[in-house]
Amino acid sequence: MLDGYDRRLRGLRDKAHRGQWRLEDGIDWSITARPPGLFMKHFAGRAVGALIAGENATAGACNLLIDILPPGIARDCLELQAADEDRHARAYAGFLERIGLAPQPHERLSLAVDRLMSWSGPPAGLIFAVHIVLESEALIIQQDLGGDIDCPLFHAINQRVTQDEARHVAFGRLTARRAAAEMDGTERRRTLDEIESIWTDCTGALAAHNFFLWRALRLYADRGWKRQRASMEELGLKA
């Protein structure tokens with residue numbers, strides 16, 4: 001008989017199965033793709049490029065967790081999520097192609113992604129890095145970009161992607177408490193330090209070479225990290 005945790009996990013897996021969609025017809029590609037203005041081009045290439053890098057990184061981290069976990073419902077959820085993230089990255093890349101831009105993630109973001117892929121903290125800490133921090137922040141960034149990039153096609157892609165991301169966050173919040181319970185105090189501190197370092201690299205990459213944006217983003221990053229830290233502590237990841 002399944003307990004409450006397993007029932008909720010199975011519910012998320014079944015919802016993920018029902019929510020699968022194909023890139024070819026899951027988005028109406030006939031919707032107008034409106035290129036950004038001159039002053040927004042570089043920003044759009046960098047911001048959407050960061051989303052693509054984040055989706056690919058999350059897919060890679062899911063595959064790391066899949067290699068660790070035994071067969072079961074949690075691994076099924078991660079396999080479905082990895083497929084979601086790959087599809088999201090290709091959808092955003094398709095958007096950039098249609099407006100004539102290439103993704104322009106900063107090299108500092110690439111370094112942060114490489115660090116995530118070579119995660120040195122406890123395996124259970126990867127749940128927090130991916131599902132509590134990266135996924136929840138991706139939802140916020142996608143919502144913000146929806147106001148900054150005035151394009152009907154981008155809005156349609158975002159609407160489809162955020163439905164999946166909300167499910168991924170729900171999976172993370174469900175499994176994170178168990179992950180935290182598996183770690184001792186030293187492992188929790190290592191996890192928090194590693195996530196904060198990756199967070200700093202990611203936010204710094206978005207404002208590289210722009211002093212005024214860097215000042216504004218530094219305040220955003222400080223507030224964002226406090227919010228993320230409080231969320232992780234509420235789920236049991238305390239130093």
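Arg 178 sits over the face of Tyr 5, at 3.6 Å from the ring centre. Arg 87 takes a like position over Trp 21, at 4.8 Å from the ring centre. These values come from a predicted model. The chain has 239 residues, and 48% of them count as buried. Its secondary structure comes to 9 helices and 0 strands.

**Charges over rings**

- Tyr 5 carries Arg 178 over its ring face, and Tyr 5 is also among the residues closest to the centre of the second largest pocket.
- Trp 21 has Arg 87 over its face, with 4.8 Å to the ring centre.

**Overall make-up**

- From the N terminus on, the elements run α-α-α-α-α-α-α-α-α.

**Aromatic pairs**

- Searching the whole structure gives 3 aromatic pairs.
- In one of them, Tyr 92 and Phe 154 have ring centres 6.0 Å apart and planes at 40°, so this pair is tilted.
- Tyr 92 belongs to helix α4 (residues 73-98) and Phe 154 to helix α7 (residues 152-181), so the pair ties together parts that are 62 residues apart in sequence.
- Tyr 92 and Phe 154 are both buried.
- Phe 95 and Phe 154 make another tilted pair, with 5.1 Å centre to centre and 50° between the planes.
- Phe 95 lies in helix α4 and Phe 154 in helix α7, so this pair links parts that are 59 residues apart in sequence.
- The relative accessible area of Phe 95 is 0%, so Phe 95 is buried, the cut-off being under 20%.
- Phe 154 is buried too, with a relative accessible area of 0%.
- Tyr 92, Phe 95 and Phe 154 form one aromatic cluster.

- Leu 126 lies in helix α6, which covers residues 125-148.
- Its relative accessibility is 2%, so Leu 126 counts as buried.
- Leaving aside residues up to four places away in sequence, Leu 126 touches Ala 61, Leu 64, Leu 65, Leu 116, Trp 119 and His 131.
- Between the C-alpha atoms of Leu 126 and Ile 195 there are 8.9 Å, although the two residues are 69 residues apart along the chain.

**The second largest pocket**

- The volume of the second largest pocket is about 460 Å³.
- Its lining has 23 residues, and the closest to the pocket centre are Tyr 5, Leu 69, Ala 74, Ile 127 and Glu 182.
- Helices α1 (4-18), α3 (41-68), α4 and α7 each supply at least two residues of this lining.
- Helix α7 gives the most, with 4 residues.
- By class, the lining holds 16 nonpolar, 2 polar and 5 charged residues.

**Where the topics meet**

- Helices α4 and α7 hold the partners of the Phe 95 and Phe 154 pair, and both helices also supply residues to the lining of the second largest pocket.
- Phe 154 takes part in the pair with Tyr 92 and in the pair with Phe 95.

Conventions
Residues numbered from 1 in each chain as written. Predicted model: local features only at pLDDT ≥ 70, side-chain atom pairs only at ≥ 80, totals over all residues. Heavy atoms only, no water. Phe/Tyr/Trp six-rings, centres within 6.5 Å; stacked < 30°, edge-to-face > 60°. Buried < 20%, exposed > 50% of the residue type's maximum accessible area, 1.4 Å probe, protein only. Lys NZ or Arg CZ within 6 Å of the ring centre and 35° of its normal. Contact = heavy atoms within 4.5 Å. 1 Å grid on protein atoms, 1.4 Å probe; cavity = no way out; pocket = protein on both sides within 12 Å on 5 of 7 lines; lining within 4 Å. Points joined across faces, edges and corners; volume = space filled by probe spheres on them. Nonpolar A, V, L, I, M, F, W, Y, C, P; charged D, E, K, R; others polar.
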